Amino acid sequence: MVATKCFMPRLRAMFVRFVFGVSLLVSFGSLPLAAQTPNESVAKIEAYYQQLMPTIQQAARLSVVERDRRFTPVFTAVFDIPTMTRLAVGPSWRDFSAQQQAAVRDGFVRFIVADYASQIKDYSGERFVVDPQTTPEARGGGEIVKTTLLQSNGRTVSINYLVRGGRVVDIYLNGTISDLALRRDEFASIIASGGAEGLIRKLQERTANLLGK
């Protein structure tokens, strides 16, 4: 039931590598207009990359647990965990008790960070550009911060961030593939068979497995 679909490892690995691989380029002057003052959302993404960079530069020398420990405060400071968790769960969220919601939120953020920490192992020459101009998000409010990954083979990949209320609430690979939509698909079958408790257990098991690598 879950084995062939749960957590979609290949797409997740690709997504994680794109999102974090680009973060090393901030220190190399990615913005063409250095004198331009970015808006709050753009500044948020730039700060996020800058905070991640020291850990990523040392990733090959750090254990997964240590990378996870260093990534956690950065992630929780930038991402709107309550909103992301609710959106990732979908309609079933309102059927969870307050205690279950809190446990899912905790399990969700621990899994996300552990997933990234387990896959960020090196840097292979990608280049990154942040667009200083944002695009309003009409459906739920907020704005899209557009970024571009320039790979060493010449390929480009768009990675966009939806920022609302000063926090990131979703990430879009290739500009359109929602990370939360992928996770909602992953979680749906787990919730259908095991409810909130099943999702909590799966998140905890998956996190423990990732940190044990």
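Residues 24 or more positions apart make up 64% of the protein chain's contacts with a separation of 6 or more. The model is predicted. Its protein chain has 213 residues, and 47% of them count as buried.

**Fold order**
- The protein chain holds 6 helices and 6 strands.
- From the N terminus, the order is α-α-α-α-α-β-β-β-β-β-β-α.

**Helix α4**
- Helix α4 spans residues 81–89.
- Its buried residues are I81, T83, M84, T85, A88 and V89.
- Their cover includes the helices α3 (64–78), α5 (98–119) and α6 (179–211).
- Strand β5 (167–173) is also part of that cover.
- Just after α4, G90 adopts a positive phi of about 85°.

**Aromatic pairs**
- The whole structure contains 8 aromatic pairs.
- One of them joins Y48 and Y49, with 5.6 Å centre to centre and 40° between the planes, a tilted pair.
- Y48 is buried at a relative accessible area of 1%, and Y49 is buried at 0%.
- Y48 also pairs with F79: the ring centres are 5.4 Å apart and the planes stand at 75°, so this pair is edge-to-face.
- Y48 sits in helix α2 (residues 40–57) and F79 in the loop between α3 and α4, so the pair ties together parts 31 residues apart in sequence.
- Both Y48 and F79 are buried.
- Ring pairs link Y48, Y49 and F79 with F75, Y116 and Y161 into a cluster.

Terms used:
Residues are numbered from 1 along each chain as its sequence is written. This is a predicted model: local features need pLDDT of at least 70, side-chain atom pairs count only at pLDDT 80 or more; totals for chains, interfaces and linings use all residues. Side-chain values use heavy atoms; hydrogens and water are left out. Helices (H or I, at least four residues) and strands (E, at least two) are DSSP runs, numbered from the N terminus. Buried means under 20% relative accessible area, exposed over 50%, partly exposed in between (1.4 Å probe, protein chains only). Contact means heavy atoms within 4.5 Å. Rings of Phe, Tyr and Trp (its six-membered ring) pair if their centres lie within 6.5 Å; planes under 30 degrees apart count as stacked, over 60 as edge-to-face and the rest as tilted.
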